Every structure is written in structure tokens, then in C-alpha cells.
Amino acid sequence: MITSLIEQLKLSVIEGRIAEAPKITQKAIEAGIDLQQIVDQGLIVAMDRIGERFTSGDLFIPEMLLSARTMESSMNVLRPLIVGSQIKPKAVVVFGTVEGDVHDIGKNLVIMMMEGAGFEVHDLGVNVAPERFCEAVELRKPTLCCMSALLSTTQDAMGKTIDFFEKRGIRGQVKFMVGGAAITESFAVEIGAEGYGPDAPSAVLKAKELLAGC
Amino acid sequence: MVTLSIIDDEGRKRILEASFRVLEETGVQVDHPGIFEKLCEAGCRGDEERTRIFFPRGVVKEKLALCPSKIVLASRKGDQMIAEPGGPSFFYSGDALNFSRGKETRPITENDFRDFCRIVDSLPFIQGVVSVNIGEVPPGAKDFVAFRVMLENSSKHLKPNIFSPQGASIIVEMAHAVLEEMGEDFRSCPIITVGHTVCSPLRWIKEGLEAFSRTAGYGIPAQIASECIAGATAPVTLAGTLVLANAQALSGIVINQVLEPGRPCIYNLGFSHVMDMRTAEPTTGAPENGLLGAAGAAFARDLHLPSSAWTCSDSACVDSQSAFERALVGLVQLLGGANIIWGAGNLESTRAISLEQAVIDNEIFGAAFRIQRGIEVNEENLALDQIHEMASQANYLSSDFTLEHFRKELATFKLVNRYRRSVWERGGAHSLEEMATQEAEKILKNWKPECLHSKALEKVRAIEKRWLEKLGG
């Protein structure tokens, strides 16, 4: 019974059957299956399988996003029951295109994929001044603050934003991730960002890696 | 001329009708209070929040009627390119951030861009130079410093990038100084085109609107780029992307005609991409880039406007991929009738430029032009007399007829190898990439671009110095 329901849940996530996953989750809860077991053996195993298939080139981004949304639909059933349990809540991220830059295609792609991967993302939009990043971090208490810039003309605003956090004395509250066409890994290191994503899928992987260390 | 039809008349009609509905019912965000008001005065409807404009089709058609369908684009030497629907096509270089050598890239330096401009200046099948982002130049000065480099190193038609409203004004000032020394103005000798890209979906940001606004009133041609990413910033279906792309471009046309009635506008759906669903990268060398560029040219023809597109490659270096993608996409856009096609020398999805790629692209474009020219059939070309005369002898090679016609009839190349192996080996057995490297070095050593008039140069440098000091201070 346990194996069968967890197996069904896993398959529903892998195949992106978004209407079915919450129902199976509910059945699993009613059958008394341990919540941690539902998450670990059902959802996480399913998403690992999806990740492997994406990496090997069998799956494409929209299919991966569908599976992520399916997992999220199951988590929505589980989440109210797991308050106080060992299961981690959603990771919170604030995200914006830096001051002086109004390009948002890359930012929006990464946000789409982060949300698909289960992050709670607060999109600050474009042309975001350091003060606004600070306000958002103080309000939302995120683990990650992500900054995007298309142009080499605007990438300096990333370093300025991090410096602004230092001056406010809240640099230690959040990890920074940067990305965008003009951004390189060495630039990220130079300005003291903890993470860099050369493209949207890598950015999500890097974000997960940074969060694992929290 | 060979032409390629990507979408039939009925299909294009349905797409345009849908675009008009998007303009009327969904509207476009216009992040500029002044232009917002002007659009309302022109008969468009603004929403209560004063952010979104709805464009009645009557207003769109009225403004379209103001656009000249024939646009003159001049070089500094006075050569004129006429861009018009059904007319000839011209290739330009492409915008970039990095300079590619072999398998390495680095941020573009001023010297890199100088070399690139000189290479493009020397190549006969590339008619325009597009600006790039020079890494070592401080923010705020990148657009006008790059423009000065272009002016100094090429006399071809120039397309400066505009990164800020102030940059737009400085570029106009510099170009005006050059034209003044030539005894010309923007209308008599339009040596530059400006432009900006919509933020898809359906938003004109303040910077883009300022770029149009600050360059309006002089007769400077404006390129209205409706750059979508199918599957990311536009529907994944190409028809849906074209609905959105047309709506966005049409809104840009209306904006420019409100700012300057009769302004020459270039209709551009051809910068659109599709998103690669494995890497989340917008493609530039995909078959769909060719289709979208050619379809965009067809819509421009329907609207009696000149068109533009961009052919590039997603390859990270000069290789077979960079050649086949450039050739396929460029050829489809060319045969589709795009008047201006950017991308010569571009690599890495338009992030890089390469001297070698520019040299190879010149060969590709030469071949593409030959295909576009097609097969001319007339009494003389049928060569009946020749055939009678040579009935029993195969010496067409030495005939006057061949001598008279071969240069026009057959494409010739500078770099591609057509020698047999033994001869090729004796010549050093060079690949096309190696030949291109040698050719680029030769051009840089020998090519002398037509210099700016000394007074013009002095003025341009003085403008640059003044603004650099202002920004530095």
C-alpha cells in the first residue's frame, strides 16, 4: 500500500499529472504514511529522476517546469501538516535587475525556473536601486538575493548593491547570486557574490547548492 | 529576383488582424508620460493608471500612411542604399559584448573594435557597421565613444547603439558635426540609423522612448525592433509570436510618427528568437530565426515599409556551425526580402564579434546574393546562336559570349577552395578558417578607410572629450 501510493505519486510528478498529484498525496496522508517519507521517497526521488532526464537531454525545460509545478501541488497539500516538522519550508528569494538596467528577459526566465523548482520568489522588477534590494531583504527575509544585468554598462551596480548591504550592516543576512549576458564568474567573485549562474538552468542548480549550505 | 514566401496571403491577413486586436484590446505599456500624452492626443486611448495605451486601428493606419516606403541610407562617401519593400538587401555587422579569437573571447577593447570596423569597411558585401559595447569604456560613455570609433574607421553607413537618453543626444551632435563639414544634413545624407527594441511583451521602456524622442525631428531613420523570444517572452508558436511582434512594431511606428510625422521607419520583426528549451538561451542561428526574419519582411511589404532582420550563429567559435547557421538563416531572410540584415562577424548568439567570421560572412553573403539574383531569362541569355555555333565542339570557354557574360553569371569567391587536393596541398592545405585569419591580417595591414575630414574629426573628438570630462567630473 505504502509503496504503491508513493510509487503513484512519484510517477504523477515525473509525468506532470498536476491534477492527480494532490489527490494521491491526500490518499497517502490518509493511509498514515509518514510525511517525510512522502517527500523523500516520492517527491524528491521524482525530481531527481527529472533532473537526470533533463541533464541527459531527454526532457526539455517546459516539461521540467510542469513536473516542478506538479511537485508543488503535492507540497501544497503537505505543507499545512508539516509545520514544526523537520521538513524545510520554501526557500525565499528576492530578485531584480540592477539599477540602470531595464532588461528583464533573463531575470524572468530564471524566476520562472526557480518557482518551478519550488522557491518563493519576490520579483522586484527592473532598474532596482540598492535601497530597494535592502528594503526587500529586510521585509521578506530571503536566503538569496539575486541580481541580473544584461549590460556591462550596468554590471557595476551589482558591486554597489553588495557594498550598500555592507554599509547598512546587513550583508550577512543574505547570500547574493548574480547573472546576465555581461557577467562572468570572475566578476561575481570580484564583487563578493556567493553565486553565479551563466544560464537559467545553472542558476537554479547554483541556488539549490547555496541553499543546501544554509 | 528569387523570393521565398513563408506565409500565404490569407495567413498574413489573419496574423495582422490578430495584431490589430492586440493593439486595440490588450494595449501596450508606454513608460514615458510625455509620449503617453502625445499618443492620447493623437487618438489613442490611455488607461486610468496612465501606463497602457490602446491603439485604434484607424490611428495605426493613419500613422502608417505617413511613413515613407522608400528609405535612403547613405555612406560617408555619398553612396546611397535604397531600402524599400521588394527592393535590394544589404548586410550589416552586428552588436556584441566580446571579441572572439580562436576559441577564446574577451571584452571588446577600443582597438578590437577599430580593427573590426576596418575589416567591415573593406568587405564589399557588408554595407553597414553596427556599434558594440566596448568593455574598457566607462558606463555612460560607451555609446558615443563606440560611435567615434566607427566614424574614424569606416565610411560605411553606421548604426550606433544608444544606451542612455544623453548618449542619443551626443551621437546626434557628433553625426551633425560630421555632416556639417561635409556640407550635408541628416536628410540629404543620412549616414546613421538609430533604433531601439521593445521589451516584449508589449512594453516600451523609458530609455527606448527617449532614444526615439531625442533623435526625432531630423529625418534620421529609426529602426523599430520588435524582438521576441518565442516560448519565453512571446507565444511558442511562431504564428503567435508574429501576432505579438507585429503589434509591438506597429506601436513603435505610431510612437515615431507622433514624434516626427513622416520619419523614415524600418520595420523589424527579424531580431526575434525562439528559446532553446534545453539551455533557456534565445537562439540566433536556428531555422526559426530565418522563418521569423523572412515573415517579418513579408509583413513589412504588406505595410509598404522597409524591413530588417539579424542572422547570427549560436556557435562559440568560427567553425562549421557558425558557417551553416549564418548561411541558412541569412539566405532565408534574404530570399524572404529583408532589406537590411545584421549579423556579419557575429558569433555566440550575438554576444561576440570575430574578424575571421566577418571575412567568411562576406563570402557567404556574396553567394547568397547570387542565389537571390536567380536565373535571368532573355533572348541573349538563351544563347541559341552559341549553341548552334558550338554544335560539335566544346570550346565555349574561349568564346566571346563566355567572356562577355561569365563575370555577371557566375559567383566568384576570394577564400573558398576550389582547387584539387594536390594544388591545395602545395598552397599550404589551409582550411577556410585559416584563410580567413590570413585575409583579416592582410586587410588590417593594407586597408585604409576613408578618413574623416580633419575638422570633422577635431569636432567629434572635442565633443567626446567634453562629455567624458562631464561624466568623469
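This is a predicted model: local features need pLDDT of at least 70, side-chain atom pairs count only at pLDDT 80 or more; totals for chains, interfaces and linings use all residues.

Reader: Let's start with the domains. Into which domains is chain B divided?

Author: There are three stretches to find: domain 1 (9-63), domain 2 (67-373) and domain 3 (379-409) of chain B. Taken over C-alpha atoms, the centres of domain 1 and domain 2 of chain B are 25 Å apart. Where these two touch, domain 1 of chain B puts in 21 residues and domain 2 of chain B puts in 24.

Reader: Which elements supply the domain 1 side of that contact in chain B?

Author: Look for helix H1 (9-26), strand E1 (28-30), helix H2 (33-41) and helix H3 (57-64) of chain B, each with at least two residues there. H1(B) has the largest share, eight residues. By class, that side of domain 1 of chain B splits into 13 nonpolar, four polar and four charged residues.

Reader: Now a helix. Which residues of H16(B) are buried?

Author: A residue counts as buried if 20 or more other C-beta atoms lie within 10 Å of its own. In H16(B), that holds for B:Met435, B:Ala436, B:Glu439 and B:Ala440. They span an arc of only 135 degrees around the axis, so they sit on the same side of H16(B). Helix H4 (110-122) and helix H11 (355-373) of chain B are among what covers them.

Reader: How do I read a sheet?

Author: Strands of a sheet pair through backbone hydrogen bonds, either parallel or antiparallel. In chain B, four strands make an open sheet in the order E8-E7-E20-E19, with mixed pairing. Strand E8 (104-107) and strand E19 (346-347) of chain B are at the edges with a single partner strand each, so one side of each has no neighbour in the sheet. Four bridges link E7(B), residues 98-101, to E8(B), and the two run antiparallel. There, B:Asn98 is opposite B:Pro107.

Reader: Last one: how many residues of chain A are in contact with chain B?

Author: 18 residues of chain A, against 19 residues of chain B. Helix H4 (61-78), helix H5 (105-116) and helix H9 (200-212) of chain A each give at least two residues to chain A's side. That side has eleven nonpolar, four polar and three charged residues.

Notes. Residues are numbered from 1 along each chain as its sequence is written. Chains are lettered from A and ligands numbered from 1 in the order in which they are written. Two residues are in contact if their C-beta atoms, placed from the backbone, lie within 7 Å. Ala, Val, Leu, Ile, Met, Phe, Trp, Tyr, Cys and Pro count as nonpolar, Asp, Glu, Lys and Arg as charged, and the others, Gly among them, as polar. Two strands pair if DSSP finds at least two bridges between them. A residue is buried if 20 or more other C-beta atoms lie within 10 Å of its own, exposed if 12 or fewer, and partly exposed in between; C-beta atoms are placed from the backbone. The arc is that of the directions from the helix axis to the C-beta atoms. Domain bounds come from an automatic or database domain assignment.
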